[in-house]
Amino acid sequence: MSFKIASSPHHHSRRSTANLMKLVAYAGIPGIALQAVFFGYGVLVQLLLAIITAWLSEALILWLRKKPILPRLTDHSALVTAVLLAISIPPYAPWWLIVIGTAFAIIFVKQLYGGLGNNLFNPAMAAYVLLLISFPVQMTQWLPPLPLQALTLSPVDAICAVFTQYSCGGFSLSQLQQGIDGTTLATPLDTYRTDLAQGLTLSESYTKPIFQGFINVGWFWVNLAYLAGGLFLIQQKVISWRIPVAVISSLFLLSALGWLAAADANPSPLFHLFSGATMLAAFFIATDPVSASTTDKGRLYYGAMIGILVYIIRSFGGYPDAFAFAVLLANMCVPLIDYYTRPRTYGHKPRGRD
């Protein structure tokens, strides 16, 4: 008999890391498909660029470290990182943006710490924050959802827009951002924050085309698809229910309190749950098996911390969506959370007692 020691992420099922990562990628397909439907084929171009960059970056570092390349590439962890980053940025962001972000995620956030199982932070979210801080204009150039787009891009136009920032017909990205009424449209989270800063009430903001009651055009259905994918991951026991439930519950509770206190200054809980990256982050990002908490009780604290931070940053911070910052801040607290929530070893006194 041989005794094998493997690095994290550890999993109680008999599935391999490669199998788990593939299931995560499969579960994201409905959400990715709806993103392409509502926000254009650019998301597919970004996905292809991110996956190629991730594989090349991982292979290069493994070669420099004199590690076996093929076994590491086929665990699909780099692929999942690439997918999560690609679907988090605007579909028609310039090609070099996703290349820089993906290379940073793999080389500096993952491999610099020793590879899979050793990284302190979620690689995709660390790269997202790097891009957001370094290139804020490019990272906020979201196009209107398909029903509100003045110009619809074909797959060939999408390739042109990503590589040149112009469609094949010569329309610039700023022209593509205009809705059917000729005005430039922002995301729902950004729209309501901007309107409140200009003295408008939420009731007045909700009259804009991007809103249909509490339903945000495009974003509601995308979030619903990622929710379905996340429930599939829980059913398959790929992720624990504790983190997404804690994230969603804490965000729902705080947003409900704010909404009940001032309904015309704070969006409803359903608005928060089905806007931005809520469901994607709750089920696919916060549940990263390496950078998240590993104890049952700790996962509840970890998820609740993310939900609370998201609400605070969305309501009072400088960025409309906050999941990347919330996840990274929670990652910093994971060692402390795990230390105080790990089960007591049989026969030992509880920590903190003499």
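Student: Which residues of helix H2 are buried?

Tutor: The model is a predicted one. In helix H2, which covers residues 29-39, the buried residues are Gly 31, Ile 32, Gln 35, Ala 36, Phe 38 and Phe 39.

Student: Against which helices do the buried residues of H2 pack?

Tutor: They pack against three elements: helix H3 (42-64), helix H5 (77-86) and H12. After H2 comes Gly 40, with a positive phi near 105 degrees.

Student: Where does Lys 237 lie, and is Lys 237 buried or exposed?

Tutor: Lys 237 belongs to the loop that joins H12 and H13. Its phi is also positive, at about 60 degrees, although Lys 237 is not a glycine. With a relative accessibility of 62%, Lys 237 counts as exposed.

Student: In which loop is Ile 239 found, and why does Ile 239 count as buried?

Tutor: Ile 239 is found in the loop between helix H12 (219-235) and helix H13 (242-261). It counts as buried because its relative accessible area is 12%, and buried means under 20%. Thus one loop holds Lys 237, which is exposed, and Ile 239, which is buried.

Student: Which residues does Ile 239 touch, apart from those up to four places away in sequence?

Tutor: Ile 239 touches Gly 230, Leu 233 and Ile 234, and also Phe 283 and Thr 287. A separate reading concerns Ala 304: Ile 239 and Ala 304 stand 65 residues apart in sequence, and their C-alpha atoms are 16 Å apart in space.

Student: Let us turn to helix H8. Where is Ala 161 placed, and is Ala 161 buried or exposed?

Tutor: Ala 161 is part of helix H8, residues 155-164. Its relative accessible area is 0%, and Ala 161 is therefore buried. Setting aside neighbours within four places in sequence, Ala 161 is in contact with Tyr 92, Leu 153 and Tyr 166.

Student: How many disulfides does a search of the whole structure find, and which cysteines form a disulfide?

Tutor: A disulfide is a covalent bond between the sulfur atoms of two cysteines. Here the search finds one. Cys 160 and Cys 168 form the disulfide, with their sulfur atoms 2.3 Å apart. The link of Cys 160 and Cys 168 is right-handed, with 70 degrees about the S-S bond.

Student: How accessible are Cys 160 and Cys 168?

Tutor: Cys 160 counts as partly exposed, at 22% relative accessibility. Cys 168 is partly exposed as well, with a relative accessible area of 43%. Cys 333 also counts as partly exposed, at 26%.

Student: Where is His 272 placed, and what does His 272 touch?

Tutor: His 272 is in helix H14, residues 269-273. With a relative accessible area of 1%, His 272 is buried. Beyond residues up to four places away in sequence, His 272 touches several others, among them Tyr 192, Leu 251, Tyr 311 and Arg 314.

Student: What does the radius of gyration say about the chain?

Tutor: A compact globule of 354 residues would have a radius of gyration near 20 Å, and the 21 Å of the chain agrees with this. Along the principal axes, the C-alpha atoms fill a box of roughly 70 × 50 × 35 Å. Buried residues make up 50% of the chain.

Student: Which secondary structure elements does the chain have, and what of its contacts?

Tutor: The chain has 17 helices and two strands. Of the contacts with a separation of 6 or more, 75% join residues 24 or more positions apart.

Student: How many positive and negative side chains are there?

Tutor: There are 21 positive and 13 negative side chains, and the centres of the two sets lie 20 Å apart. The accessible surface of the chain is about 16900 Å², and 67% of it belongs to carbon and sulfur atoms.

Conventions
Residues numbered from 1 in each chain as written. Predicted model: local features only at pLDDT ≥ 70, side-chain atom pairs only at ≥ 80, totals over all residues. Heavy atoms only, no water. Disulfide = S-S within 2.5 Å. Buried < 20%, exposed > 50% of the residue type's maximum accessible area, 1.4 Å probe, protein only. Helix = DSSP H or I, 4+ residues; strand = E, 2+ residues; numbered from the N terminus. Rg over C-alpha atoms; globule rule 2.2 N^0.38 Å. Contact = heavy atoms within 4.5 Å. Areas by Shrake-Rupley, 256 points an atom, 1.4 Å probe, with all protein chains shown as cover. Lys, Arg positive; Asp, Glu negative; His and termini not counted. Charge placed at Lys NZ, Arg CZ, Asp CG, Glu CD.
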